[in-house]
Every structure is written in C-alpha cells, then in structure tokens.
Amino acid sequence: MTEENIYANLTQLGGDSKLPLTPEEAVMERVPNPQKGSGYVVRFTAPEFTSLCPITGQPDFAHLMIDYVPGDWLVESKSLKLFLGSFRNHGAFHEDCTVSIGKRIEELLDPKWLRIGGYWYPRGGIPIDVFYQSGPTPEGIWIPDQGVPPYRGRG
C-alpha cells in the first residue's frame, strides 16, 4: 500500500479547517495502520483540554491522556485535535466529556485496546479524575504509566 493510497480519503489534513462548533459536528478521520501486524501503543496528550460546565457555563480544564493499541486503523491526528477542540463551547460534566471521547475514538478505530485518563483541574476546590478503558490490558505490549500525578494543590 503506498502513502498516496493510505491518505487519499483525508479531508482535513493539509488545508484550512475550521474548528467544529460541537463534538457531534466534528469529523474524526482514520487511516489504515501500516504496522498492522505489530503490537504497539499510540499516545496522545492534550494538556490544555477545555470544555464548559453545563450548568454555569464556566470553563473547565483538563489534561487528557489517550492511549490505544491499534488494530486496522490509526486516528488522523489533525482530525483528533479538531474533535477535542470542539469541546471548547460544549457543556458537559467531566465524566461525560472523558468517557464520550474514549467511546468516540473506540467506535471510529475499533482498536485492540484503548484507555483515556481525564485529569481535571479543580474548580470549587475539588479536582476530578475520570478513567475509561475498553477492556483488559493486552499482554505482551508495553503500556507505560500515564505519568500524571494526583492533584496536590500547593504540594
């Protein structure tokens, strides 16, 4: 399979793309995994994720860590960035945002395994950490720790 064929159906990479207004409107794209027979982990880190409180409209901020073991597909990273950015004006609780992102990626890729850690910064004095995992950790693949320490305030 040539690079041309792998990337032929992408619509957002290499050009101007507007930030989708909602997560539902966002289009995530995928490409065939050129290392399909290999067991490996892909990690995306979004340290400045933003959404809105659905009640107050105040901004909420999180550090997201997304790990997945690809099967047939890889997520195209620009489309993932646009999808994550679409939450900037989206009102939802931390739990809903974190789990919805994990499930949407899972639905798109059908990975061998996926986990997302949503490490939410405190508002009202309480940080909230939300974790979603698609199933048991695969054997024989190095899955590094997400490395995000629990919130300690002033330490």
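Helices (H or I, at least four residues) and strands (E, at least two) are DSSP runs, numbered from the N terminus. With that in hand, let's walk through this structure. It is a predicted model, in which local features need pLDDT of at least 70 and side-chain atom pairs count only at pLDDT 80 or more, while totals for chains, interfaces and linings use all residues. Residues are numbered from 1 along each chain as its sequence is written, and side-chain values use heavy atoms, with hydrogens and water left out.

Let's begin with empty space. Rolling a probe the size of a water molecule over the atoms shows where such space is left. On a 1 Å grid over the protein atoms alone, a pocket is an open set of points where a 1.4 Å probe fits, with protein on both sides within 12 Å along at least five of seven lines, and lining residues have an atom within 4 Å of a point. The largest pocket here has a volume of about 160 Å³, a volume being the space filled by probe spheres set on the points.

Which strand gives the most to the lining of this pocket? The answer is E2, with 6 residues. Strand E2 (42-52) and helix H2 (77-85) each supply at least two lining residues. Among the residues of the lining are Thr-45, Phe-49, Thr-50, Lys-81 and Arg-88.

E2 and strand E3 (residues 59-69) run antiparallel, joined by 9 bridges; two strands pair if DSSP finds at least two bridges between them. In the hairpin they form, 6 residues sit between the strands, and Gly-57 takes a positive phi near 80°.

Next comes a record. An unreviewed UniProt entry carries the annotation "binding site" for Val-75, Glu-76, Ser-77, His-94 and Glu-95; such annotations may be inferred rather than shown by experiment. These residues spread over 21 residues of sequence and are also spread in space, up to 24.5 Å between C-alpha atoms.

Take two of them. Leaving out residues up to four places away in sequence, Val-75 touches neighbours including Phe-44, Tyr-68 and Leu-108, where contact means heavy atoms within 4.5 Å. His-94 lies in helix H3 (residues 94-109) and counts as buried because its relative accessibility is 10%. With the sequence neighbours up to four places away again not counted, His-94 touches Asp-60, Trp-120, Ile-128 and Val-130.

Conventions. Buried means under 20% relative accessible area, exposed over 50%, partly exposed in between (1.4 Å probe, protein chains only).
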